[in-house]
Amino acid sequence: MGIQGLARFIDDHGAILTDDQFRNSKLVIDGTYLYHFLYFNSSVDQQHGGDYDDFEDQVCKFFKALRDCGIEPYVIIHGGSDFSDKKFETQLHHVQSRINTANSLSKGLRGSGLLPILIKQVFKQVLSSLKVPFAQCIFEADQEIASLAERWNCPVLSNNSDFYIFDIQAGYLPFSHFKWQNASTQRGSSQRYIPCKRYTTTSFCRYFNINRQLLPVFAAIAGNDYVNLNKMGFPIRWEDKLPMEPNRRPRVAFFNRLLDWLARFQEQQEALDSVPSLIGHGKNNMDSALQALSLSIETYQLQPGCLERFFIKDKAPDPSHLPDHLSVLPDWTLLPLMKGTLSSSIIHILQLRPVIQGVQVEDPSLPSGNNTSRPIRQVVFGLLLGERREVEEYDREGINLTSSMVKAILPTAAQQMQLDMLNQAPHAVRLEVFLETLGVSQSTLNGIPPHLGLPVAVTYYWLRHAHLRPDRPFLQALLLGLVYGELCRQRKSQRGFIEEGPVLERLRRLIQRGASNLDKGVAHAYSQWQRCMRDCLDLNQLLCFPLPEPQIAWLYRGTLVHQLVDELRGVVTPDSLLMEDPSSGQLYRAMLEAILNSQETEATGQPDGPSTDSGAGGRRG
């Protein structure tokens with residue numbers, strides 16, 4: 001997002017960016033761009049639903065590189081958004097693009113830019129485990145990020161070209177020039193640094209001989225996520241009518257002409273008063289164009305933010321100082337929202353704004369995997385809005401983005417709950433609401449390690465509600481994936497001091513072989529499971545954690561479970577994979593029997609019960 005083509009334009013004018021050896025400084029990091037950058041630049045799988053443990057490794061390596069160089073990171077994750085929804089059309093365009101990418105990946109074609117659906121949750125958990133300070137912003141994040149960096153006199157790290165416009169004295173470090181994997185040591189000392197390039201508005205304005213106050217005008221006229229004059233029917237018409245510069249990209253020529261035009265002005269208003277001469281006289285809706293430009297310019301003005309108070313005092317904004325559009329948030333939700341322990345989607349829901357569902361690789365000829373978890377979201381809507389309200393959801397139908405209205409519902413156990421006091425409801429009541437939503441009895445989770453209770457409950461729900469009921473290898477592969485994650489988690493908690501063991505070795509060999517060609521049926525089944533997991537995590541957070549939140553990075557490794565389905569459809573059995581490790585076999589059996597033995601699952605006519613899966617889960621007969 002940002003100003004299309006501006007980053008490349010600045011790169012082409014190399015003198016604007018200065019080489020820097022970045023070290024011993026605070027750094028405000030645009031967290032949303034960071035997890036995009038780390039996932040897409042590390043060759044992590046995008047076709048099989050995500051390899052979250054590989055992503056976790058990348059995040060850990062990144063922050064180790066920063067700390068080795070004395071860099072103190074503060075990460076800001078986008079959560080809220082501008083209530084006027086000026087970016088909404090831009091967001092819809094990006095979602096449709098992701099649907100197209102997912103469709104290409106489902107056909108085995110190349111595609112990029114599709115994040116796994118649980119990546120944001122994994123990122124927040126890894127930051128917490130590393131004790132990296134972070135905040136989930138409940139306001140428009142760009143202004144908050146820029147304001148905090150200016151307040152602390154440190155740069156911003158991002159890939160958002162809007163930060164070329166904010167007047168941050170310490171500057172802006174583009175991710176594309178931040179060589180964190182090439183940290184070096186200064187000659188003659190032990191001090192390490194990260195080679196990078198630094199941008200400042202001073203350097204830009206000196207190069208093009210314009211007043212820095214005019215940069216927001218430049219961004220607004222050039223077009224950003226808030227305003228695009230050309231799309232509004234106001235194409236720029238240059239007075240000189242010179243032909244396009246030869247051998248120049250159109251966007252480069254446009255930027256050069258716009259900067260030449262702005263160089264004649266000293267003040268923002270002076271430039272705005274001259275805009276009608278650029279877009280023609282006698283046009284209808286000229287006032288609307290000028291108003292859109294003014295609103296866009298305002299987004300680049302630095303205002304006092306709430307992040308410093310949060311990082312220093314661990315306090316949320318004073319509710320009495322919130323803008324009107326955030327007054328719908330109960331006081332108790334503000335701190336969990338900023339700590340990232342409550343989904344930011346509740347902001348949109350409480351404001352009755354459209355909710356855009358995530359995109360995954362699945363079979364586009366089948367209904368969206370998001371449909372399977374819709375009853376869970378309906379309970380979230382009911383807890384937030386009360387029954388009989390409706391929320392507009394955007395999701396794919398085929399390969400097209402469409403919208404529909406979804407009704408809020410409340411389970412019986414939640415009928416007396418009030419949102420303002422939800423955090424004070426007894427634990428037993430909150431747990432009952434969660435289990436009733438999933439149709440799971442408390443006895444189902446008996447004998448399951450507490451941190452795996454939620455994944456088992458989700459798997460039980462998925463098995464009953466998935467479109468095209470998952471067959472036995474799908475369930476076995478998913479549970480073996482949970483065993484793999486548990487073994488990895490235990491080994492990492494011991495810092496690798498315990499041996500891998502035979503089960504982990506076998507499963508790692510499968511991973512090393514690589515996944516076979518994508519099976520769209522498998523992808524569609526696990527897409528539904530991940531969506532159920534995502535919505536159950538949101539529900540669990542809203543209910544203030546009646547069940548412990550699992551470490552999400554260890555719940556699902558897409559390339560492994562896809563490979564396991566292939567193996568289990570052949571001659572491989574769970575027994576053969578779990579040999580020589582009684583504890584792994586015991587965990588697998590406990591999860592399998594909890595799911596298949598439950599009374600509700602039997603009522604759905606599950607074709608084969610636990611008696612056909614004896615020992616460590618091998619098939620017999």
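The model is predicted: local features need pLDDT of at least 70, side-chain atom pairs count only at pLDDT 80 or more, and totals for chains, interfaces and linings use all residues. Residues are numbered from 1 along each chain as its sequence is written, and side-chain values use heavy atoms, with hydrogens and water left out. Helices (H or I, at least four residues) and strands (E, at least two) are DSSP runs, numbered from the N terminus.

**Helix α12**

- Helix α12 runs over residues 286-298 and has 13 residues.
- At 1.5 Å a residue, α12 should span 18 Å, and its end C-alpha atoms are 19 Å apart, which agrees. The expected span is 1.5 Å times one less than the number of residues.
- M286, A289, A292, L293, S296 and I297 of α12 are buried. Buried means under 20% relative accessible area, exposed means over 50%, and partly exposed lies in between (1.4 Å probe, protein chains only).
- The face turned away from the buried side carries the exposed residues D287 and Q291.
- The buried residues of α12 pack against α8 (215-222), α10 (268-273) and α11 (275-279). Contact means heavy atoms within 4.5 Å.

**Two helix pairs**

- The axes of α18 (residues 453-465) and α24 (residues 582-596) come within 9 Å and cross at roughly 45°. Axes are lines fitted to C-alpha atoms, for helices over the stretch in contact, and angles run from 0 to 180 degrees between N-to-C directions.
- That angle makes α18 oblique to α24. Angles under 35 degrees count as roughly parallel, over 145 as roughly antiparallel, 65 to 115 as roughly perpendicular and the rest as oblique.
- V456, T459, Y460 and L463 of α18 meet M591, A594, I595 and L596 of α24.
- The axes of α2 (residues 31-40) and α5 (residues 119-130) come within 11 Å and cross at roughly 105°. α2 and α5 are therefore roughly perpendicular to each other.
- On the α2 side, G31, L34, Y35 and Y39 make the contact, and on the α5 side I119, K120 and F123 do.

**From α21 to α22**

- I552 is found in the loop between α21 (520-542) and α22 (558-568).
- At 1% relative accessibility, I552 counts as buried.
- I552 touches L118, Q121, V122, Q125 and L537, not counting residues up to four places away in sequence.
- C544 is in the loop between α21 and α22. C544 is partly exposed, with a relative accessible area of 23%.
- α22 is mostly covered: ten of its eleven residues are buried. Among them are G558, L560, H562 and E567.

**Around the end of α6**

- E150 is in helix α6 (residues 141-152). E150 is partly exposed, with a relative accessible area of 29%.
- E150 touches D167, I168, Q169 and L302, not counting residues up to four places away in sequence.
- N153 is in the loop between α6 and β5 (156-158). N153 is exposed, with a relative accessible area of 56%.

**Positive phi values**

- Most residues other than glycine have a negative phi.
- Phi of N153 is near 55°, a positive value in a residue other than glycine.
- Phi of C544 is near 60°, also positive in a residue other than glycine.
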